[in-house]
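Please read this briefing alongside the sequence and the 3D view.

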Amino acid sequence: MSPLPVRSRHLERLLELRRSATNHAVTALAVVSTVLVLVPLVAIVGYLIYKGASSLNLAFFTHLPAPVGEKGGGMANAIAGSGLLLGLASLMGIPLGIGAGVYLSEYAHGTWLGSAVRFTADVLNGVPSIVMGIAAYALIVARQQHFSALSGGVALAIMMVPTVTRTTEEMLATVPNPVREAALGLGIPKWRTVLSVSLRTASPGIITGCMLAFARVAGETAPLLFTAFGNQFWNLFNLNQPIAALPLQIYVYAISPYDDWHRLAWAGALVLVVMIMIAVTLVRIFANRGVLKGGH
Amino acid sequence: MNEPKTVPVDRPQMQKVVVPQERAVPTERTVETAATPAGLSVVRSFLLAKSSGRYADGAFASLMVVCALSVFAIVLLIVFVLISKSMPSIHQFGWRFFETRTWDPVSGQFGALPFIYGTVVSSLLAVLIAVPLALAVSIFLLDICPRFLRGPISFLTELLAAIPSVVYGLWGVFVLVPIIRDQVGPVLEKYLGWTGFFAEPNFGVSMFSAGVILAIMIFPVISSISRDVMRAVPVNQREAVLALGATRWEMLRIGVLRNSRMGIVGSVILGLGRALGETMAVTMVIGNHPDILKNLLAPGYTLASVIANEFTEATGDLYLSALIEIGLALFLVTIVVNAIARLLVWAVMRGNTARAH
């Protein structure tokens, strides 16, 4: 036991005070920062609801965009177009993503190839969406010589793949191994075990992941600028023609000089955000209830 | 032990191919099939006949491998397409493309320096604003916040991540830009004008507006990942520091922040990667003027926004390929940035944090 260094009581008291003051200062700083962060959030959401709700009406959902100078008009074609694009993207992106996730979790556990795929998916997740747009443009639009709904769908699908892959893998990892072993022990072939036991047990979580990927691409504008391109009229079935999309229409209207169009942009933004929020909230409810607890 | 041996009797065709243990389940399934509608039972009986076949497992496994490899294929395809389409510009300008500052489509002179400058400055500005706030909020949510507020606040910050870029842009154009033009800008000019970063002319649409809106957008990324990383610090680290008589801040500094610094840096780099590639919101508020100015209140231009603005109007192959080369540069930079960030976050989340210092 070495003796404690000699220090005056006074100095010690000062030190003590300084420590507690720093502590309180940091606490205050954290509280203030949190409030500061919540301000723009509340401002954005509040302003969006205020502006959007005041310009929203039935025509918005049922009418085509009106020509400049004419009152009224809506974004019916853009809403339908977004639906078509997202459906197309989900149809291509989700099966691919789930397949890759199954491979990572059920087949490539701890292998070199598995790590490489996982890493590539993570990196792909961070690639800017506008680059996806260029890729889809170069692959499809440049070849076909015209903008098309198909190219927009492909661009969005590519963006969905990494998210779906990673969540599928994570959710499958929560399925306890004894469940798989029990199935295999009953003599069920592996593919059937994967489909009817692993995937089925993890399905609430996987649905969550798909919805998150969906919500993420639902608001994407950049990859559609030079693929889906936008359209003032109806296009419901022709994948080879340009198609309108809600985010695209919002962008075009927002940078236009017309007040009437600004009003429609706000209404569109409100509709878009509400749609995404519903998806995300559903996901949270799902995730809280459905996801199975991992093995012990 | 006796039971399995009695089962195979009613499925004679299986006996030729399959090993003994694999019989029990298909039998059970045939009973089930009898109860299902006719159309389904055809599919089912086909699957049943094939399900234990020699090729079923292999086929399914290779299908999954194909899906996994398609992730590689996508990345390779993007790289290939971008490189091949930007060849004309690469041949014409070489490295000069990234060093010159003239962007003149009319005379066919393309230099990307102003856009690189704009991207770097607006992203750094965003990180500078967002990181202290995100860390403070993470600390608040983990250690200070009363339990009943934790859920709502973290939900709200996650909502920020769910708002689409174009909606941020809309808000930026009609709310943020006027505020920066009329209120914030003049104040900054008055008190920080001597630095040279804030000066007239102030139109509102500016590098600074882009930085602010990017900061709001990358905040959720940094905040949620750094919170995960801090949470991964073992509880006994915290307890040990507290047991030595540390205050809460000292505990956080010594026990938590120091242990998770690699992961926090990773989260910041991930945020940076997001900011570098962000397109719509930035395009709408940055002013889109290719120039290199020290004044942050002046308009700028970024790599992503020049693509968004000029791609559909690009006339001529050289113009288009110059824009695609910008996309290629953006792609490579974000890949490198993201790879570094992922490696850092992984290193921490794998449990290296428990190491003592």
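Predicted model: local features only at pLDDT ≥ 70, side-chain atom pairs only at ≥ 80, totals over all residues.

Residues are numbered from 1 along each chain as its sequence is written, and side-chain values use heavy atoms, with hydrogens and water left out.

**Interface of chain A and chain B**

- In chain A, 82 residues are in contact with 78 residues of chain B, where contact means heavy atoms within 4.5 Å.
- The two chains bury about 7300 Å² between them, 81% of it on carbon and sulfur atoms; buried area is the accessible area (1.4 Å probe) that two parts lose on being put together, summed over both.
- Six residue pairs are in polar contact across the interface, with both residues at pLDDT 80 or more.
- A polar contact is a pair of N or O atoms within 3.5 Å; within protein, one must be able to donate a hydrogen and the other to accept it, and residues adjacent in sequence count only if both atoms are side-chain atoms.
- On the side of chain A that touches chain B, α1(A) gives the most, with 19 residues.
- By class, this side has 63 nonpolar, 12 polar and seven charged residues.

**Salt bridges**

- Over all chains there are 10 salt bridges, each a side-chain nitrogen of Lys or Arg within 4 Å of a carboxyl oxygen of Asp or Glu.
- Between chain A and chain B the count is one: A:Arg19 pairs with B:Glu250, with the closest N and O atoms 2.6 Å apart.
- Within helix α6 of chain A, A:Arg166 and A:Glu169 lie three residues apart, about one turn of the helix, and their side chains form a salt bridge (2.8 Å, N to O).

**Helices α3 and α6 of chain A**

- The axes of α3 (residues 76-107) and α6 (residues 149-173) come within 6 Å and cross at roughly 30 degrees.
- The residues of this contact divide into 21 nonpolar, nine polar and two charged.

Technical notes:
Chains lettered and ligands numbered in written order. Axes fitted to C-alpha atoms, helices over the stretch in contact; angles between N-to-C directions. Helix = DSSP H or I, 4+ residues; strand = E, 2+ residues; numbered from the N terminus. Nonpolar A, V, L, I, M, F, W, Y, C, P; charged D, E, K, R; others polar.
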